[in-house]
Amino acid sequence: MGLLHSGARYGHEIDKYMEQMKIRYWTKTNRATIYQTLQRIERKGWVTSDTEVVGNMPRRKIYTLTPKGKKALQEMVFAGLASQEIVTFDYSIAIGWLEVLPTQLVIDQVIQRKSFVEKIIHQFSQEDVEDTDIYIGRRANVRFLKSYYEMEREWLDWLLRELRKLKKTV
């Protein structure tokens with residue numbers, strides 16, 4: 001709904017916004033999920049839809065946030081900003097049982113993760129954080145994600161040092 005509020009009007013446009021705003025780095029949303037969500041929030045009355053044809057392009061469904069949807073979005077943002085939920089990470093479960101794998105295999109996997117994290121960090125430009133022509137929500141998300149992944153890289157470096165020490169003692 002936030003992307004509809006920001007100007008996206010149809011599923012493919014939402015998908016492009018998600019890519020542009022780097023949203024996929026913190027949510028597992030794909031194109032199918034976008035369309036399912038649009039249908040669900042339409043049933044709730046949070047959006048309305050209309051069909052549009054542009055030139056020779058196929059028909060597309062255009063979504064508009066309703067006043068009820070704007071209110072729901074405001075409530076979600078308000079609650080989210082004050083959230084006291086503990087952050088969870090799927091791979092933290094795997095980290096808890098590192099000892100079930102040979103140390104070198106763990107090291108190899110951690111190196112792969114670190115490589116992935118470094119690629120993500122390099123995709124965030126300083127311009128995305130500092131350009132005041134880019135709206136504050138996008139800049140704040142990019143800065144948060146970049147900071148998070150930089151912190152994870154630092155943690156992965158620590159983990160690799162500890163694993164290498166462990167390997168030397170075995």
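I started with Arg31, which is partly exposed at a relative accessible area of 40%. For this term, buried means under 20% relative accessible area, exposed means over 50%, and partly exposed lies in between (1.4 Å probe, protein chains only). I noted that the model is predicted, that local features need pLDDT of at least 70, that side-chain atom pairs count only at pLDDT 80 or more, and that totals for chains, interfaces and linings use all residues. Residues are numbered from 1 along each chain as its sequence is written, and side-chain values use heavy atoms, with hydrogens and water left out.

**Entry: Asp15 and Arg31**

Which residue does Arg31 meet in a salt bridge? I found Asp15, at 2.6 Å from N to O. The pair links distant parts of the chain, with Asp15 in helix α2 and Arg31 in helix α3, 16 residues apart. Helices (H or I, at least four residues) and strands (E, at least two) are DSSP runs, numbered from the N terminus. A salt bridge is a side-chain nitrogen of Lys or Arg within 4 Å of a carboxyl oxygen of Asp or Glu. Asp15 is buried, at 11% relative accessible area.

I then listed the buried residues of α2 (residues 11-20): Gly11, Glu13, Ile14, Asp15 and Met18. Their cover includes α1 (2-5) and α3 (31-43); contact here means heavy atoms within 4.5 Å. Just after α2, Lys22 has a positive phi of about 65 degrees.

**Entry: other salt bridges**

How many salt bridges does the structure hold? I counted 9. One of them joins Arg9 and Glu52, whose closest N and O atoms are 3.5 Å apart. This pair also links distant parts of the chain: Arg9 is in the loop between α1 and α2, Glu52 is in strand β1 (residues 47-52), and they are 43 residues apart. Arg9 is partly exposed at 34%, and Glu52 is partly exposed at 21%. Arg9, Glu52 and Arg60 are linked in a network of salt bridges.

Glu162 forms a salt bridge with Lys165, the closest N and O atoms being 3.0 Å apart. Both lie in helix α8, 3 residues apart, about one turn of the helix. An α-helix has 3.6 residues a turn, so residues three or four places apart point the same way.

**Entry: the cores**

I looked up the largest nonpolar core and found 16 residues, with Met1, Leu4, Ile14, Leu38 and Ile41 having the most contacts inside it. The elements giving two or more residues to this core are α1, α2, α3, β2 (60-65) and α4 (67-81). Helix α3 gives the most, with 3 residues. A second, separate core of 15 residues includes Val110, Ile121, Phe124 and Tyr149. A nonpolar core is a set of buried Ala, Val, Leu, Ile, Met, Phe, Trp, Tyr and Cys residues joined through side-chain atoms within 4.5 Å.

Is Ile121 buried or exposed? Ile121 is buried, at 6% relative accessible area, and is found in helix α6 (residues 103-123). Not counting residues up to four places away in sequence, Ile121 touches Tyr149, Glu150 and Arg153. Ile121 and Lys146 are 25 residues apart in sequence, yet 5.8 Å apart in space, C-alpha to C-alpha.

Among the buried residues of α8 are Lys146 and Tyr149.
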